[in-house]
Amino acid sequence: MQQESPIKRRRSTRIYVGDVPIGDGAPITVQSMTNTRTTDVEATVQQIKSLEKVGADLVRVSVPTMDAAEAFKLIKQQVSIPLIADIHFDYRIALKVAEYGVDCLRINPGNIGREDRIQAVVDCARDKNIPIRIGVNGGSLEKDIQQKYGEPTPQALVESAMRHVDILDKMNFDQFKVSVKASDVFLAVDSYRLLAKQIDQPLHLGITEAGGARAGAVKSAIGLGLLLSEGIGDTLRVSLAADPVEEIKVGFDILKSLRIRSRGINFIACPTCSRQEFDVIGTVNELEQRLEDVLTPMDVSIIGCVVNGPGEAEASQLGLAGGNKKSAFYEDGKRQKERFDNHDLVNQLEAKIRAKASILDESNRIDVTPVDK
């Protein structure tokens, strides 16, 4: 059974992206970004819905042109998950998507021109209760900051972030979150640590441009894991050169590993050895694919032999310990009389897991919505 996390989270202010709370102890949200062309409304809507299906709390959509802004209007009408518009330089696009119901603006105030333009965006955001995300990236620092520091450093990233924060402070706008992303794990981690001491607003975590599915997941797990273990972070994105759906899965796996937030099934599985009595790898992979729609938090152990199997099963809600031809089945830590045929484990386990999820949802009234409302 999942234990309570020992992590004490950094105190921060609260903002809302749509009806999703961020900061001030709210559940850490997991988000991704569409990689379809925003002007392809059908493809973008389909991708957003696929992200929502695997548990995404928020989705960011790039809106680089006015044509994309018009497409955003149609996209917003067809989905229910809160949408963040990613905008650079053109303040008019920010005003347009605000008119169309955007839930958050990812826009750096200092990059959109004259003060009156910044004021127009801030006034609009205030009027419509739209928060802003200040997003600093180690690969796109302002030229004067690059010249000052010579290379991206934690101090450089935080100075850039505070430049934008100061603009919002002067305009008496405090509904914002900040990110200081970098592709280097140590640069990102040290930047967030430094920023966390300087502001009270929520922090959006990410190791930007982390790489492909495997290497990017490892880098993100290390970088985000370090920060989250120190209580830093209120929302996150795992940036992978892969299907955005994988970003959501990895994000929740990181939170689950730190006992911060449990969503879906936590499979406890052995790496296999010559003692295994059934195909553990194939069984787990097949179950993960079949059960993506199950959002109920649950520990399920699948161990290929009787050496470690019983011990893991006794600490799980459902467990399997491999045996010759048939394997022992455990529920709530107790071995059941029923044994499973090793040639049909996937079907048998899927049925048991779905039944258990239904019982847990009903008896405990578990909220499997994206975040606590």
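Trainee: Which elements each supply at least two residues of the lining of the largest pocket?
Mentor: This is a predicted model, in which local features need pLDDT of at least 70 and side-chain atom pairs count only at pLDDT 80 or more, while totals for chains, interfaces and linings use all residues. Residues are numbered from 1 along each chain as its sequence is written, and side-chain values use heavy atoms, with hydrogens and water left out. Helices (H or I, at least four residues) and strands (E, at least two) are DSSP runs numbered from the N terminus. The elements that each supply at least two lining residues are α8, α9 (244-257), β11 (265-269) and α10 (280-290).

Trainee: Which element gives the most to the lining of the largest pocket?
Mentor: A pocket is an open set of points on a 1 Å grid over the protein atoms alone, where a 1.4 Å probe fits, with protein on both sides within 12 Å along at least five of seven lines; lining residues have an atom within 4 Å of a point. The largest pocket has 31 lining residues, and Lys249, Asp253, Lys256, Ile265 and Glu288 lie nearest its centre. With eight residues, the element that gives the most is α9.

Trainee: How much space lies in the largest pocket?
Mentor: Grid points are joined across faces, edges and corners, and the volume is the space filled by probe spheres set on them. For the largest pocket, this comes to about 810 Å³.

Trainee: Is Lys249 buried or exposed, or does it fall in between?
Mentor: Buried means under 20% relative accessible area, exposed means over 50%, and partly exposed lies in between (1.4 Å probe, protein chains only). Glu246, at 30%, is partly exposed. Lys249 has 25% relative accessibility, so this residue counts as partly exposed.

Trainee: How many salt bridges does the structure hold?
Mentor: Another example joins Glu99 and Lys96, with the closest N and O atoms 3.6 Å apart. These two residues are three apart in helix α3 (residues 91-99); Glu99 is exposed at 51%, and Lys96 is partly exposed at 23%. For the structure, the number of salt bridges is 24.

Trainee: How are the planes of Phe329 and Phe340 arranged?
Mentor: Rings of Phe, Tyr and Trp (its six-membered ring) pair if their centres lie within 6.5 Å; planes under 30 degrees apart count as stacked, over 60 as edge-to-face and the rest as tilted. By this rule the count is one aromatic pair. The centres of the Phe329 and Phe340 rings are 4.7 Å apart and their planes lie at 25°, so the pair is stacked.

Trainee: Which strands hold Phe329 and Phe340?
Mentor: Phe329 and Phe340 are both buried. The pair links distant parts of the chain, eleven residues apart, and the strands are, respectively, β14 (residues 326-331) and β15 (residues 334-341).

Technical notes: Salt bridge = Lys/Arg side-chain N within 4 Å of Asp/Glu carboxyl O.
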